[in-house]
Amino acid sequence: MTSTPRSTLVMTTVTVMLTTTLYATTAHADDDPNDPPGTEASPSAPVEVDPADPDLKIPDGATLAQAKVLDIKSVVEEQSGDERREDTNTSVTLALQAEVLFGKDSAKLGAESKSRITGIAEEIKTQNATRVRVFGFTDNLGSSAHGDVLSKKRANAVHDVLSQTLNDAGITYEVRGYGEQYPIADNSTEAGRKKNRRVEVSFPRTEG
């Protein structure tokens with residue numbers, strides 16, 4: 001074979017469930033840069049729970065906390081790991097490994113990077129998104145300060161192409177560099193570090 005077949009791996013889908021202490025966790029950052037990406041709670045539960053129902057077997061004096069719903073999440077990753085897509089019921093996150101976009105330890109976009117970013121721009125158009133987050137991440141090699149600067153420069157580079165391609169003044173961008181924070185793989189191996197060196201673009205899904 002002269003080419004590697006492109007296949008996808010669909011990872012676990014989280015079941016919707018109710019609990020007294022559930023909080024949703026996704027891969028996006030909240031508005032506070034000191035909080036991990038995506039710690040905001042999901043929408044209210046669609047089903048009312050009767051706290052007086054004897055089947056709940058609540059101890060005397062106990063009360064139910066406000067119910068929350070876990071997002072249904074699916075993650076699809078190319079076999080090569082170059083691209084990763086995460087869908088929830090509220091948002092889309094598209095991640096590109098740094099090697100796909102940049103040279104080693106560089107924030108200069110490579111020759112093939114624009115077509116990859118243009119594909120993301122088309123998805124943003126499809127979803128009619130008006131708020132787009134562009135976050136850069138690195139592995140844990142080198143100093144933390146260097147990773148913070150490099151990841152922000154890379155996020156800025158991707159943002160520049162997105163904004164030029166979309167050319168829509170109605171879109172608000174949030175651009176950040178998180179450095180080695182929030183790894184998605186094990187930094188003790190090169191395969192894991194490669195996945196952690198990435199730029200993520202996330203935006204809301206179209207309702208309905």
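Where is Thr138 found? In the loop between strand 5 and helix 3. Some notes on that residue and its surroundings follow, bearing in mind that this is a predicted model.

1. Thr138 first. Its relative accessible area is 7%, and the cut-off for buried is under 20%, so Thr138 counts as buried. The side chain of Thr138 also reaches the backbone nitrogen of Glu180, at 3.4 Å.

2. Who touches Thr138? Setting aside neighbours within four places in sequence, Thr138 is in contact with Gly147, Leu150, Ser151, Gly179, Glu180, Asn196 and Arg197. Gly147, Leu150 and Ser151 also turn up among the buried residues of helix 3.

3. Now helix 3 itself, residues 144-166. With 23 residues at 1.5 Å a residue, helix 3 should span 33 Å, and its end C-alpha atoms are 33 Å apart, so the two agree.

4. The buried residues of helix 3 include Arg154 and His159 as well as Val158, Val161, Leu162 and Leu166. What do the buried residues of helix 3 pack against? On the helix side, helix 1 (98-101) and helix 2 (113-126); on the strand side, strand 5 (131-137), strand 6 (172-177) and strand 7 (198-204).

5. Have a look at what comes after helix 3, too: Asn167 follows it, with a positive phi near 50°.

6. Last, Gly110, which sits in the loop between helix 1 and helix 2. Gly110 has 36% relative accessibility, which means that it counts as partly exposed. Gly110 and Val100 are ten residues apart in sequence, and their C-alpha atoms are 7.8 Å apart in space.

Note on methods:
Residues numbered from 1 in each chain as written. Predicted model: local features only at pLDDT ≥ 70, side-chain atom pairs only at ≥ 80, totals over all residues. Heavy atoms only, no water. Helix = DSSP H or I, 4+ residues; strand = E, 2+ residues; numbered from the N terminus. Expected span 1.5 Å × (residues − 1). Buried < 20%, exposed > 50% of the residue type's maximum accessible area, 1.4 Å probe, protein only. Contact = heavy atoms within 4.5 Å. Polar contact = N/O pair within 3.5 Å; in protein donor to acceptor, adjacent residues only side chain to side chain.
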